[in-house]
Amino acid sequence: MIDESVLRDVLAAALATGGEFAEIYAETRTSISVRLEDRKVEEVTTGRDRGAGVRVVRGASTAYAYTNRLDRDALRDAAGVAAAALNEEPRAEVRDLTRAPERVLNPVRLYPEDVETVSKVDAVRAMDEAAREVSGDIRQVIASYAEGSQDILIANSDGLLASDRRVRTRLACTVVAQRDGNVQTGSWNPGASAGFELLDTHPPDATGRKAAQQAVVMLDAVGAPAGEMPVVLAPGGGGVLFHEASGHGLEADLIHKEASVYRDRTGEKIGSELLSAVDDGSVPGLWGSFAFDDEGTPSQRTLLFDKGVLTGAMTDMLRSRIMGLPATGNGRRQSYAHLPIPRMTNSNILPGTDDAEEIVRSVKNGLYAKSFAGGQVNTATGDFVFGLAEAYLIENGELTRPVRGANLIGNGPEIIARIDAVGSDFEVWWGVCGKDGQGVPVTCGMPTLRISRITVGGTG
Amino acid sequence: MSDDLLELARRAVEAARSGEAIEAFASWGRETEVKVYQGEVESLVSAESRGIGVRAIVDGKLGYAYAADPDPDEIADVVEQARTNAALAARDDGNVLPAPQPIEPLAGILLPELLEATAEQKVALAMAIERACREADARVKGVESAQYGEGLGRVAVASTTGVEATSERGDCWAAAVALSSDGDGETQTGFGLQIARRPSDLAVEAAGREAAERAVRLLGARKPPSGRMPVMLDPFAAASFLGVVTSGLSAESVLKGRSLFAGRVGERVASERFELIDDGRELAGPGAEPFDGEGVPTRRTPLIAGGVLQGFLHNTYTAARMGGSSTGNASRAGFKSTPGVSTTNLILAPGDATPSALAASAGRTLLVQDLIGVHSGANPISGDFSVGVDGVILEDGHPAEGVREATIASTVLDILRNVVATANDLRFLPFGGSIGTPSILVGEMTVAGL
């Protein structure tokens with residue numbers, strides 16, 4: 001993508017004013033998306049994006065300049081702009097660049113560019129048709145296919161030179177069902193760090209049916225109960241709760257800024273004995289996986305909770321250095337237009353030993369939270385609110401009526417202490433996590449799990 | 001530079017074949033953002049990017065392609081990709097390009113002084129935000145973020161129907177997140193924000209003080225007992241609520257069966273005190289632009305008047321489908337996407353009373369400063385509205401006790417019909433575009449807590 005001699009020059013220019021560390025991050029990205037709505041393929045879009053950012057770090061201060069040109073002059077200009085934030089004698093030198101060994105974490109079987117666009121159009125049609133066959137109450141289907149192929153190159157003044165090709169593919173289907181004026185939606189959006197072979201594990205018709213079934217089930221929903229009650233979280237989708245209520249607070253930038261309720265609590269038993277959780281960007285093929293993070297650090301498995309004891313935090317290079325924490329390969333950015341910050345990859349609660357069905361049977365009156373609609377957390381306090389897209393009443397140990405309009409309200413550390421059963425099953429859920437205006441692909445994984453009591457904000 | 005963008009866009013139009021409609025949207029942007037933390041520069045980001053997006057309409061079928069920083073020689077290839085993509089899409093007679101219309105320039109959306117601040121001055125502004133936040137109250141224990149930002153953008157649109165338009169705009173902002181603590185381990189956060197067209201008009205200290213005030217106000221907040229009481233949404237909370245309302249006021253939502261307002265034009269959908277407009281020419285709002293994402297002039301469009309629904313916001317596509325004309329609300333999320341429909345400056349008319357006088361008139365009132373979980377708890381299609389809230393209970397207009405971990409559950413239409421009055425504190429917030437709103441007093445609602 002860029003000559004090594006250019007990389008060395010640009011890094012040297014970036015360090016000319018007293019920076020301690022300089023880095024170039026460059027990428028090219030091609031993408032195709034196909035979108036269907038109202039039974040029509042509305043739009044097929046192809047795109048090409050490229051750009052590079054130059055970062056200069058001194059102490060805890062960072063200057064960053066980016067451009068979408070990759071030639072020597074543009075990169076030198078960007079280095080000059082970033083370096084202009086400092087005005088001192090040079091103090092660091094660029095070490096010889098050593099290419100990091102290639103690491104193929106996510107082997108791709110069917111590169112998207114080798115597949116005709118018409119097959120991608122067929123995939124969205126198949127989602128639409130399968131969804132509409134589920135019920136006469138289906139009013140609308142929005143189906144899309146998206147692929148992205150990203151080549152990245154990272155070089156820094158410590159001598160790191162890493163490159164990687166990341167291919168991601170995703171299907172998304174949202175279905176609107178309506179009966180007697182009652183409107184409900186359902187969605188299913190599987191993705192992977194893989195090529196077109198995603199469709200073998202997540203066939204478009206099954207994807208459309210899943211979204212439709214959720215919407216149709218919710219047509220029969222009654223108003224959610226309100227008050228404190230036991231809640232069983234379904235495998236996969238329930239992982240959003242852990243991602244939001246605990247994961248974000250374990251991102252080192254928030255800890256550093258005293259904006260995390262988990263600050264200074266490493267080694268403390270905060271969660272239930274049954275809670276062990278990891279962030280693992282090195283699971284081959286998962287949507288949130290990569291060989292190297294966006295600073296060139298290899299992805300890894302980081303233990304966050306071990307039998308309830310807080311054991312780790314997720315770092316990028318900057319936070320690892322200024323906080324004296326291990327580098328965990330969580331420095332991620334949405335694109336060249338963003339600074340890397342600590343982000344989750346695949347955040348998973350590890351399976352336990354309880355039987356998933358038995359967990360539901362153990363609850364006399366409570367709620368079964370199957371799919372989250374998203375949520376919000378205040379990492380400083382740990383307070384959170386999550387909407388439930390699909391939830392059921394548990395009555396005498398059985399799932400009975402679906403409920404709508406339910407929210408889970410609580411506090412992260414309090415809730416993880418109340419986990420009192422963990423299933424032996426495990427599923428993942430795919431999302432795009434937003435933080436500081438940057439969206440990155442993540443998965444949340446977890447087994448069936450019971451929380452002894454949590455506040456449900458409902459309508460009745 | 002705008003000329004340069006227009007040149008790129010024209011080149012795409014020149015690559016059109018007979019019978020094709022081609023439109024090119026080219027944009028350039030430059031942004032600077034300075035964040036400070038504990039008196040030091042945490043980050044300084046300077047960015048420049050440009051690109052072009054091409055819509056090709058062939059036999060009523062739409063294809064799109066884009067490229068970042070294209071060479072003039074590559075433009076024909078981008079057009080060819082858009083053309084190829086069009087062949088795979090479904091025919092839709094709504095796919096038409098607008099005819100050219102005279103565009104009145106909007107002086108004032110770019111002030112020359114915006115371009116004059118040096119890096120040192122920008123750093124000093126960010127430092128002033130942080131300092132004002134920290135010094136505002138002894139209970140502010142930290143400032144999670146304090147930032148100054150400015151953005152400058154230029155766009156050019158050209159098409160085979162003869163549209164040729166260029167404009168440039170710029171603004172700047174100051175934002176802070178304060179962390180407060182009263183010593184017993186409890187921490188609360190508060191957000192403050194100011195926007196302006198040039199640094200000298202930017203109330204940087206007010207942004208810091210606002211963050212502090214909002215964080216301190218929540219100290220000692222508790223989950224309240226469940227009950228019914230009047231609720232006042234402050235401008236931040238009101239803007240989040242209006243964000244949900246407006247998604248239903250887009251003709252795109254109506255066409256796609258996603259609007260709770262569909263088929264209700266001429267009906268009472270809100271309290272008669274509720275006056276809502278969209279105005280792309282209101283200079284006080286950050287959404288002001290002379291023309292929209294297709295080169296159609298912006299204008300003032302009444303949406304709800306005296307509580308009665310007046311109509312919807314359109315781009316050229318939705319107008320063609322529903323029989324009408326574009327209201328100048330075609331929106332582009334940069335050069336990478338086709339035009340959608342969105343508000344320019346959405347404005348809710350203010351009333352005469354101050355927020356505290358209004359709250360005092362209602363008795364014991366919950367003042368909501370944050371709606372939490374709106375993107376999950378508010379369903380813009382069904383209108384179900386169930387969100388977390390925090391804020392303070394006002395007795396006779398004065399803060400009595402803090403509230404957190406409470407929820408309100410209602411529907412969008414019930415809340416709109418239950419609006420008692422709006423206060424006189426209208427302000428523009430850049431949430432989901434640009435929303436200008438005062439505090440809104442809503443009659444009794446169920447607030448769920450303990």
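## Domain division

Domain bounds here come from an automatic or database domain assignment. In this predicted model, chain B is split into two such units: domain 1 covers 2-216 and domain 2 covers 227-448. Their C-alpha centres are separated by 23 Å.

## Contact between the domains

Domain 1 of chain B contributes 30 residues to the contact with domain 2 of chain B, which contributes 26. On the domain 1 side, two or more residues each come from β1 (21-37), β2 (40-58), β3 (61-68), β5 (164-181) and β6 (187-196) of chain B.

By residue class, the side of domain 1 of chain B that touches domain 2 of chain B consists of 17 nonpolar, eight polar and five charged residues.

## The six-stranded sheet

Chain B also contains an open sheet of six strands with mixed pairing, in the order β10-β9-β8-β13-β19-β18. β10 (308-309) and β18 (427-429) of chain B are the edge strands, each pairing on one side only.

In one of the bridges, B:Leu429 is partnered by B:Ile435 of β19(B).

## Helix packing on the sheet

Helix α5 (residues 235-247) of chain B packs on this sheet. The strands touched by α5 of chain B are β13 (346-348), β18 and β19 of chain B. The direction of α5 makes about 125° with that of β19(B).

Terms used: Residues are numbered from 1 along each chain as its sequence is written. Chains are lettered from A and ligands numbered from 1 in the order in which they are written. This is a predicted model: local features need pLDDT of at least 70, side-chain atom pairs count only at pLDDT 80 or more; totals for chains, interfaces and linings use all residues. Two residues are in contact if their C-beta atoms, placed from the backbone, lie within 7 Å. Helices (H or I, at least four residues) and strands (E, at least two) are DSSP runs, numbered from the N terminus. Ala, Val, Leu, Ile, Met, Phe, Trp, Tyr, Cys and Pro count as nonpolar, Asp, Glu, Lys and Arg as charged, and the others, Gly among them, as polar. Two strands pair if DSSP finds at least two bridges between them. Axes are lines fitted to C-alpha atoms, for helices over the stretch in contact, and angles run from 0 to 180 degrees between N-to-C directions.
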